[in-house]
Every structure is written in structure tokens, then in C-alpha cells.
Amino acid sequence: MATNDESKKVRKLQVRRFKPEENPEKHYLNEEKGLWAWMTTVDHKKIGLMYLGSIVFFFFVAGVLALLLRTELLTPARSFMDADMYNQVFTLHGAIMIFFFLVPSVPAVLGNFILPLQLGAKDVAFPRLNLASYYIYVIGALFTLFAIFTGGVDTGWTFYTPYSSTTSGGNIMAMTFGIFILGFSSILTGINFMVTIHKMRSPGITWNKLPLNLWGLYATSIIQILATPVLAITLLLLTMERMLSIGIFDPAIGGDPVLYQHFFWFYSHPAVYIMIVPGFGIISEVISTFSRKVIFGYWAIALSSLAIAFIGFLVWGHHMFTAGQSSLANMVFSFLTFLVGIPTGIKIFNWLATMYKGSIDLKTPMVYALVFLFLFTIGGFTGIMLGALAVDIHLHDTYYVVAHFHYVMMGGMVMAFLAGLHYWWPKMFGKMYSEFWAKITCAVIFVGFNMTFLPQFVMGAQGMPRRYFNYIDQFQSFHQFSTIGAYIMGVGFVMMAAYMIHSLVKGKPASSNPWGSRALEWQTSSPVPLHNFEHTPVIINGPYDYHKPMSEFQLGIAAKHGHHHAEEEVAVKVSKQEKE
Amino acid sequence: MSQPSAVEEKLEHLQHHFIDSDQQFEASKLGMWIFLVTEILFFGGLFAAYIVYRSWYPELYLLASEELDVFWGAVNTFVLIGSSLTVAMAIRSAQLNQIRGLIINLWITIGLAVTFMVIKYFEYAEKIEKGILPGAHYSYDGIAHEKANIFFSIYYMMTGLHGIHVLVGIGLMVWLVFKAKKKVFHSGYYTPVEITGLYWHLVDVIWIFLFPLLYLID
Amino acid sequence: MLPPAKSTTAAETDALFHFITSVSLILLLGITIAIVYFAWKYRRRSEDDVTPVITHNSTLEITWSVIPLILVMIVFGWGLTGYMNLTTPPDDAYEIRVVAKSWLWEFHYQNGHVSVNEMHVPVDRPVKLVMSSDDVIHSLYIPDYRVKMDVLPNRYTSLWFEATEIGESVIYCAEYCGTAHSNMLATAHVHSQEDFEIWLETAGAEDDDMDPVARGEQLVTRNACDTCHSSDGTRLQGPTFQGLFGSEREMEDGEIVVADENYIRESILEPNARITAGYQPVMPSYAGTLDDRQIDAIIEYIKTLE
């Protein structure tokens with residue numbers, strides 16, 4: 001699919017430079033007014049913001065649940081809630097964080113906002129489908145909230161049978177059905193992005209000039225498209241199990257519970273990559289921009305995302321080393337698990353190499369990216385530990401696993417999301433935030449995060465199982481330390497909410513390209529005009545070619561009834577846009 | 001057949017964010033193909049369950065499939081294959097600007113789809129009367145295998161989910177008929193007909209797999 | 001970081017754990033130093049900084065792909081060897097049947113004796129546990145021995161270990177199994193060979209001549225009744241024993257039952273036949289675990305809790 005025969009397919013386009021208008025009067029936030037216009041908008045940017053509002057809501061709900069859990073764990077026995085309540089709270093913390101925050105966060109919020117801009121397109125390929133995806137997400141969320149208020153769920157976010165098919169506690173049917181619906185939101189977003197990347201690229205954006213953020217989203221879309229339907233059918237079967245007792249997973253009727261685990265992890269392991277791979281894309285953008293340097297190993301980073309997406313489908317069994325599958329299966333899954341670690345490691349070295357001899361500006365997004373590098377590396381190494389068969393037998397289902405996936409999900413994915421949010425915030429709202437408070441907050445979250453989860457590695461190694469309401473006394477000091485860390489992290493996120501709201505209300509206006517990036521989304525106004533670009537952008541350089549002058553990144557063809565302020569015209573050779 | 005650019009005078013169908021009709025048509029078609037991939041994986045979960053249980057209990061499948069009526073299954077197979085043909089003819093009519101032919105072919109397809117569902121209804125009714133119900137509700141004692149209920153859980157899930165897809169297809173084609181009557185489609189724009197056709201072929205293909213896997217085991 | 005190693009296989013697991021931890025720490029330190037050093041050394045001096053165009057470097061990239069690959073393959077092989085040891089019990093292993101129920105562990109010995117939430121094993125002799133569950137999935141985990149295996153309702157799973165020290169170790173349930181998951185603990189008691197033989201012979205009989213009430217109290221603890229039933233009026237997963245005997249109980253279906261000897265006996269042997277209003281049908285059956293004399297003793301004990 002790559003074009004090495006660029007020189008052959010050349011067409012000449014009459015282009016000229018379009019400098020973005022600074023602080024425009026009219027932009028996507030104010031051109032259409034009123035609640036109804038927002039709710040029925042098909043504009044990808046507004047849909048992105050509606051997702052942002054929703055996931056922030058769920059992040060705070062699930063975050064508060066996490067603080068309740070940590071508070072309960074201050075003492076070895078009951079502190080303030082009983083065991084059933086505790087079980088419901090950890091289930092909801094996990095389910096909400098994963099299905100309502102982590103999975104949609106980068107693709108649906110930042111992806112929606114940025115993807116068409118980076119392609120120079122006016123919108124995604126199917127704008128109405130995009131809006132439908134959002135409402136499907138909302139309906140799924142309403143089912144879940146309904147489940148919470150009609151008894152809750154106490155199965156853990158993994159819904160393992162036969163516990164989930166037989167327990168009388170709570171409203172599991174509403175919950176699983178809600179997540180079943182939610183899956184379609186994810187699938188449709190994936191389809192939309194994939195078609196958009198294939199069919200909506202501006203002239204000159206060949207596969208080797210595609211921003212790495214889009215390679216990340218492309219790989220993510222593949223996983224969403226291939227894995228999510230399997231989750232959907234699994235949860236449908238589980239819903240049927242509870243509604244009609246069909247018995248495929250319930251041993252009491254003749255079914256097999258381990259089959260459920262295979263089905264579940266066939267989605268849920270790739271789902272981990274749905275969460276983290278778009279994060280890789282963001283980190284590539286941020287590190288290159290703030291090092292003001294060509295990204296090192298463009299193809300290595302792009303292809304390693306695809307490699308992770310594909311190998312990621314073959315490693316689900318490493319969640320089941322103690323579940324009673326054959327030794328051969330365990331061996332194969334362990335081997336493949338190590339293979340998937342290699343492309344991940346390659347990325348980390350590429351990012352470091354990009355910083356080498358750069359011109360590094362430690363603005364907030366870059367600080368988050370470096371925090372990501374550190375925390376995600378720890379998450380990766382502890383993943384190697386858990387992939388080693390003999391050691392995993394000891395560590396499986398302990399706090400070591402809990403700490404590991406929080407380092408990957410929160411230390412990796414959430415830090416990448418925050419890097420992206422701070423990076424594109426000026427583009428989204430046309431306002432700057434306080435650099436000082438943003439860095440202080442980042443430090444608070446970093447300290448709180450490590451205080452929360454480092455002790456959990458120790459507890460896990462010593463044998464503290466996860467999902468425990470009561471625990472033996474020897475772990476109390478670790479748990480208390482961890483709880484204090486969680487409070488500090490909570491304070492950090494409240495601070496973030498405060499300076500972000502301040503930025504929205506009283507922030508200084510942002511210029512169109514405050515970071516001096518070469519990427520296409522920065523070559524239009526902040527905030528973005530309703531239809532993104534008033535012209536059709538034409539791309540002749542890669543998005544990280546910092547050795548070329550800015551003027552070469554702002555070329556385009558005027559729209560039919562477009563601009564009057566003519567600049568000098570230049571003829572540029574561009575490769576033909578591929579159609580495949 | 002993917003070159004609709006012959007008639008370009010009518011452009012109301014072109015959405016603002018596409019450059020031209022070609023781009024819009026290509027995008028919609030690619031989107032539908034990817035959607036069909038997700039559909040295959042969706043059914044793939046059930047096929048996986050089918051394969052796993054079949055490898056554990058091969059004799060169960062031999063016994064239980066005898067309860068399924070090969071004759072009516074075969075009739076339904078022909079009905080669906082016929083409907084795939086008529087939907088292809090509908091697309092052909094749209095390409096040739098023959099709106100009347102388009103509408104007639106869509107009605108025939110709808111008729112065949114309804115026939116399929118009616119036959120399916122009688123098959124279900126006959127089993128339910130015997131007590132062949134999924135999972136825990138199974139009460140038929142004509143099959144000497146303790147896991148017969150699981151076979152029928154899989155049978156009902158697979159054919160039921162397929163049936164829902166047939167119903168969705170019927171709904172889409174009724175909608176196409178209404179649109180066609182309003183003269184929305186012409187040889188320059190028939191994307192919805194084309195992608196509904198793709199969907200319908202998938203529904204057909206899935207049945208072509210279900211029929212031998214469930215009915216023709218020996 | 002790890003708990004004391006008390007089995008023959010623990011040392012190898014620990015060695016691998018420490019190997020991975022050390023290599024990871026060295027690499028993490030290197031990466032962190034690089035991040036901090038680059039961020040300081042190449043900090044932006046002016047807006048006009050010009051950076052070199054370095055798009056890739058094949059030698060470097062192959063190096064940093066191959067070296068990690070070699071490292072993880074070492075870890076893979078090492079982990080696999082250890083795992084193979086963990087899944088291949090010696091032929092002469094002493095076999096114990098383990099039955100998991102929500103929320104207790106039963107250990108059935110070869111002479112027919114059953115102990116609940118206490119596992120007695122001889123030192124320096126391989127022991128193989130053959131396990132199954134009566135309800136949902138559980139997982140038997142002994143951190144001191146570095147062993148863990150899920151316990152499933154529709155098949156047998158097994159694990160083995162050889163304890164190297166006389167003493168006690170904690171046994172956890174590691175697979176989430178509902179309300180009292182975190183109370184589903186047991187203790188591994190490791191005896192010398194002789195003491196183990198003595199325990200096996202006398203364990204079933206030792207309390208026969210005790211006073212029924214004291215014996216009942218002991219049985220309530222030993223059989224983990226007190227995980228869910230308090231003796232002081234506290235509400236746990238099941239109704240309290242305090243004031244139970246002779247009281248009128250309202251059942252889930254509205255029926256009123258007097259809690260007499262027959263009711264308690266039925267509740268122990270067929271717990272889900274009648275459920276007290278406001279509670280869940282979650283208690284496992286004790287049929288085959290407790291004999292009639294033991295049930296008598298428990299009833300005598302409950303009678304004393306007024």
C-alpha cells in the first residue's frame with residue numbers, strides 16, 4: 001500500500017499559500033448556536049467535544065469510586081462499607097473506566113477532533129453515522145446507569161461465568177446489554193475512521209506522509225473492527241444466558257465456563273491495544289513537535305503499531321495461564337506475548353532518538369509525554385514479568401497485576417491522553433491554559449500515581465490477592481500508603497479541572513500554531529473554522545519536516561467561490577492521491 | 001459497474017464534505033465492506049462456539065441434526081439464493097436508470113425474504129411444540145444425548161441472529177422502495193441500493209454456511 | 001519483595017523474578033537518564049534552533065530490536081522450564097482431593113478424613129492436589145509455595161508442591177467468587193512425616209469424647225460456618241446463630257418455620273431447600289462433610305447461643 005513509485009504518478013497543481021487567520025470572529029464553536037444545534041450537529045469537532053464532556057463525567061464518577069475503594073482499604077476489615085458494596089464498587093470502577101472512559105477516550109475525543117484536520121478533510125466520511133455512534137454510546141451509558149440504580153453489579157468487570165450467570169446480586173443483564181450496545185459505538189467509529197483515512201486524504205498525503213497519530217488511529221480502527229464484534233456476541237450470549245438460560249457457558253446446564261474466558265479475552269486483550277495504541281500516536285506527535293525535529297524511524301513507529309494490532313489478537317490466552325488450559329497453549333501464548341513486547345520497546349527507543357539533538361521545549365504536553373515514557377516503560381517491564389510462565393503462576397490475580405495494568409492504562413494511556421488534551425487544547429478552544437499550574441498539577445499527579453501503585457507491586461509479589469475486601473494485617477501499611485497516594489492523585493485532577501475551566505473562561509487567546517508545529521491541523525485557525533479549511537490543503541512535505549520552511553506547509557487550492565487575497569502562485573509537484 | 005459519473009447534473013445527494021460523487025460512492029462502499037467484516041466476526045463468535053462443542057461432542061451433532069428438516073432448510077436456501085439474484089438485478093436496474101425495474105426487483109426480494117421467515121417460523125413452531133427449547137428449558141426426550149440442549153442453544157442463537165438480520169434487510173428494502181418511488185435514485189446515484197445489496201449478499205452467504213453446518217451432518 | 005520460599009520449586013521462580021526485576025531496573029535507569037539528560041542537554045535555546053535531519057539508522061534500530069528479543073527469549077525459556085516443573089508432579093506424590101465451595105475449602109484425605117479450611121501435609125514429600133468446585137470458579141493460591149491453580153466446577157484441575165519447612169502458610173482464594181471471597185482463606189499445616197501420620201489417624205476421632213457443646217463450637221470454627229454465621233447477632237452473609245434455636249423464622253416464600261433440630265439439620269444438609277427471608281441461596285451443602293454425630297454437636301452448640 002505504500003507508494004515508492006511517487007516519481008511516476010505526478011500531477012501538477014496550481015497552489016498558493018494560505019496563512020491561517022488569527023483569532024477569527026467566526027469559528028465552529030459560535031457559528032451555530034443553541035442546545036439543539038449542538039445535539040444534532042454532524043460536525044466532527046463538536047461530536048468530539050460532546051464525547052469529551054461524557055468521558056470526563058465518567059472519569060470523575062469512576063475516579064470517586066476508586067477513592068471509595070482506597071478509603072475502605074485503610075483498615076484490614078470493614079472500614080465504612082460492607083463486602084457486597086465493596087464488590088459492586090470495584091466492579092463499577094473497572095467497567096466504567098474501561099468501557100466508558102479508556103476505550104472511547106483517545107479515538108472518540110481526540111481522534112474525532114483531529115483526524116479530519118490532519119487529513120485536510122472537511123469532516124469524517126460518515127458524519128451522521130458519527131453522531132449516531134455518540135448516541136449509541138449515550139444509550140449504552142444509560143443502560144449502565146440504570147443497572148447501577150437497580151441493584152448494581154458485583155461480578156468484576158470481566159463478568160466471569162458461572163458467577164455472572166448464576167449470582168442473584170444486582171442487574172447484570174442491564175449492564176452487559178449496555179456494554180453490548182456500547183460496542184457498536186466503538187465499531188462504527190472504527191469503520192468511520194478507516195474509511196476516512198482511506199478516502200478523504202487531501203492531495204499529497206501519501207501513506208508515508210500520514211501523521212503517526214493517524215497510523216495509531218488506523219491500527220486502533222483495525223482492532224475495533226475485528227475484536228469488538230466478538231465482545232458483542234460474547235455479551236449477547238451472556239445476556240441470553242441470564243434471560244433464557246441457554247447454558248453455553250453455564251456448567252450447571254452443560255456448558256463450559258472456560259469457553260467464556262476465551263471469548264471474553266479474545267476481545268478484551270486486543271481492547272488493551274485499542275486503549276494504548278492511539279496513545280502511541282499522540283506521543284509521536286508531541287515528542288516531535290516539542291523537539292522540533294524529524295521523527296526518528298517513521299516507518300518503524302508506524303509499522304510497529306500495525307504489528308501490535310495483529311499480534312495483539314494472538315495473545316489473549318496469557319490471561320488464563322492458571323485457568324486450566326493445556327500446557328502447550330500456555331507455552332504458545334507466553335511466546336507470542338513476548339513477541340508483542342518487541343514492537344513496543346522499539347517505539348520507546350525511537351522516541352528517545354527523536355529527542356537526541358533536538359530543540360526541546362518542556363511545555364506541559366511534552367512533560368506529560370516524558371511522564372508517559374517513564375511510567376509506560378515500568379508498565380511494559382512488569383508485563384514481561386507477567387508473561388513469564390512460572391512467575392505468572394505466582395503473580396496472577398494479585399496486586400502485582402493490578403499495579404501493572406494501572407501503570408499501562410493510567411501511566412500509559414491516561415498520560416498520553418493528557419498530553420494530547422494539553423497539546424490540542426488551544427486548537428479546540430482557542431485559549432491557552434496556565435503553563436505554571438499545569439506543570440504543578442502534572443507533578444502532583446505523578447507523585448500521587450507512583451505512591452498509589454508502587455506499593456501494590458510489593459504487595460502483589462508478597463501474595464496479596466486482588467479484589468479482596470478484607471486482608472491480613474501485614475499489608476496494612478502498604479495499603480495506607482497507597483490510599484494516601486490516591487488522595488494526592490485525586491487532588492491533582494481537581495486542580496486540573498480548575499485551571500482548565502479557568503482557561504475556558506479567562507484564558508489568553510491562543511495563536512493558530514502556538515507550538516510551531518508543521519502538522520496540518522496547526523495550519524488553520526484556532527479555534528477551527530466550521531469547515532476546517534477554507535481551501536483544499538496540498539501537502540508536499542512530511543508532517544515532521546522541521547528542516548523545511550513553514551511556508552511550504554500552508555499550501556492549498558482555493559475553493560471555487562473562495563478567497564480574494566491572492567498571494568504569489570507556485571507550481572508544485574505532488575503525488576497522485578491513491579485510491580485503494 | 002462502479003463508475004456512476006455518467007450523470008452528474010443531479011447533485012442534491014452530494015454531501016458537503018465530499019469532493020465529488022465518486023469519492024462519496026467509494027467511501028460508502030468501503031464502509032459497507034468493513035461493516036460486513038465486523039458482521040462476519042460477530043457471527044464468528046457463534047461459529048467458534050459451534051466448532052468447540054462439535055469437536056467435544058461430535059456424536060451429539062449427528063444425533064441432534066436429525067431433528068432438523070433438511071427439506072425445508074433446502075427450500076429456504078434456494079429462496080435466499082433467489083433473493084440474492086433479484087437484489088443484484090435491482091442494482092442493475094438502478095445503474096440503467098430503470099426505476100420501475102428497480103422497484104419490482106426490490107418487491108420480489110422482499111417477498112422472498114418474507115417467505116424465508118415464514119418457513120423459519122413453521123420450523124421453530126414445530127420444535128417448540130416438541131419441547132426443543134434452548135438450554136435449561138429443553139424438555140424433549142427424543143435425542144439420547146445429555147448435551148442436546150446446548151446444541152439447540154447454538155442452533156437458536158445462530159438461526160435467530162440470522163433471522164434478525166433478514167428482518168433488518170426487509171426493513172431496509174422497504175425503505176429503498178419508498179425512496180425509489182420518490183425518484184431519489186438514478187444511474188448517477190444509487191449508493192444505498194448498492195450497499196443494501198452487499199448487506200443482503202452477506203445475509204445469504206451466512207445462511208449458506210449455516211445450512212450445511214446445522215442441517216446436513218452425517 | 002517476595003514471601004519466604006517454602007517449597008522445592010519456589011527458588012527457581014524467585015530467581016527468574018529477581019533476574020527480570022534487575023534487568024528491568026537497569027534498563028529503566030538507562031532510559032530515565034537518557035530522558036532527563038536529553039531534556040536538559042538539548043533544551044531549546046532560541047526559537048531559531050536548527051535540528052539535524054536524522055530519519056533513521058538501521059544499525060541502531062536492528063540493535064535495539066535484537067537485544068530485547070534475545071532478553072525476552074531467555075525469559076521465555078526460563079519461565080517455561082519453571083512452569084514445566086510446576087505442572088509435572090512426581091509419581092509418588094501424596095494425593096489430596098480439594099473441593100472448593102463458596103466460601104470454604106475442603107480437603108479430603110486418602111483415608112476418608114475431611115478437614116475444612118485446614119490442609120495438613122507432610123514435609124519433604126511431594127503433595128498433589130486434585131481440585132474441583134461445587135459452584136463458581138475459585139483459585140487455590142499458596143504464596144509461600146509460589147503455586148496457584150483455578151478450581152473449576154465442571155472438571156478437575158491439579159497442582160503439586162513439596163513443602164520444605166515445618167510450619168504454617170496461608171492459602172488464599174485468588175479468583176473472585178462473590179461476597180466472602182476475601183474470607184475464603186485456609187491454612188497449610190506442614191508436619192514432620194511422623195506427625196502427619198499421627199494426625200491422619202487421630203484427626204477424625206480426636207473430638208469424639210469431647211463435651212457436645214464444646215465440640216459443636218469447634219466444628220463451627222473448623223468448618224468455616226462462622227465465615228457467614230455470627231454467634232453474637234452480627235448480620236453476615238447468613239443469619240446469626242444467636243437466638244436462632246426455637247425462634248420463628250420467616251422464609252423467602254412467606255412460610256413461617258420454627259427453627260428446631262430438624263430445621264437446622266435440613267439447613268446443613270440441604271441449605272437451599274428453605275431460605276430465610278432477606279438472604280441469598282448461597283450456602284454449600286455439608287452432606288458428606290459432617291456426619292450425624294457432628295451435626296448433633298453443632299445443634300447443641302447453637303442451643304446455647306440465646
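Modeller: One term to begin with: a salt bridge is a side-chain nitrogen of Lys or Arg within 4 Å of a carboxyl oxygen of Asp or Glu. The side chains of Lys6(C) and Asp144(C) meet in one, at 3.6 Å from N to O.

Biologist: Noted. What should I know about the model itself?

Modeller: It is a predicted model: local features need pLDDT of at least 70, side-chain atom pairs count only at pLDDT 80 or more, and totals for chains, interfaces and linings use all residues. Residues are numbered from 1 along each chain as its sequence is written, chains are lettered from A and ligands numbered from 1 in the order in which they are written, and side-chain values use heavy atoms, with hydrogens and water left out.

Biologist: Let's stay with chain C. Which domains is it divided into?

Modeller: Domain 1 covers 6-35 + 59-88, domain 2 covers 94-203 and domain 3 covers 212-304. The bounds come from an automatic or database domain assignment.

Biologist: How many residues of domain 1 of chain C are in contact with domain 2?

Modeller: Eleven residues of domain 1 of chain C are in contact with eleven of domain 2 of chain C. Contact means heavy atoms within 4.5 Å. The centres of these two domains, taken over C-alpha atoms, are 31 Å apart.

Biologist: And what area do domain 1 and domain 2 of chain C bury between them?

Modeller: About 970 Å², with 51% of it on carbon and sulfur atoms. Buried area is the accessible area (1.4 Å probe) that two parts lose on being put together, summed over both. On the side of domain 1 of chain C, Lys6(C), Thr8(C) and Leu86(C) lose the most area to domain 2 of chain C, together 60% of what that side buries.

Biologist: Lys6(C) again, then. How many salt bridges are there between domain 1 and domain 2 of chain C?

Modeller: Two. The Asp144(C) and Lys6(C) pair is a salt bridge. Nine residue pairs are in polar contact between domain 1 and domain 2 of chain C, both residues at pLDDT 80 or more. A polar contact is a pair of N or O atoms within 3.5 Å; within protein, one must be able to donate a hydrogen and the other to accept it, and residues adjacent in sequence count only if both atoms are side-chain atoms.

Biologist: New topic. Which pair of chains has the most contacts?

Modeller: Chains A and C, among the two pairs of chains that touch. There, 91 residues of chain A are in contact with 75 residues of chain C. The area buried between chain A and chain C is about 7000 Å², and carbon and sulfur atoms give 69% of it.

Biologist: How many salt bridges between chain A and chain C?

Modeller: Three. Asp256(A) forms a salt bridge with Arg155(C), the closest N and O atoms being 2.6 Å apart. The count of residue pairs in polar contact between chain A and chain C is 24, both residues at pLDDT 80 or more.

Biologist: Where does chain B come in? How far is it from chain C?

Modeller: Chain B and chain C do not touch; their nearest C-alpha atoms are 13 Å apart. Chain B does meet chain A, with 34 residues from chain B and 37 from chain A. Chain B and chain A bury about 3000 Å² between them, 76% of it on carbon and sulfur atoms. On the chain B side, His17(B), Phe42(B) and Met157(B) supply 19% of the buried area, more than any other three residues.

Biologist: How many salt bridges between chain B and chain A?

Modeller: One. Lys199(A) forms a salt bridge with Glu26(B), with the closest N and O atoms 3.7 Å apart. The elements giving two or more residues to the chain B side are helix H1 (21-56) and helix H5 (148-181) of chain B. H1(B) gives the most, with 19 residues. Helices (H or I, at least four residues) and strands (E, at least two) are DSSP runs, numbered from the N terminus.

Biologist: How many helices and strands are there in chain B?

Modeller: Six helices and zero strands. The C-alpha trace of chain B spans about 70 × 30 × 25 Å along its principal axes. Of the 218 residues of chain B, 54% count as buried. Buried means under 20% relative accessible area, exposed over 50%, partly exposed in between (1.4 Å probe, protein chains only).
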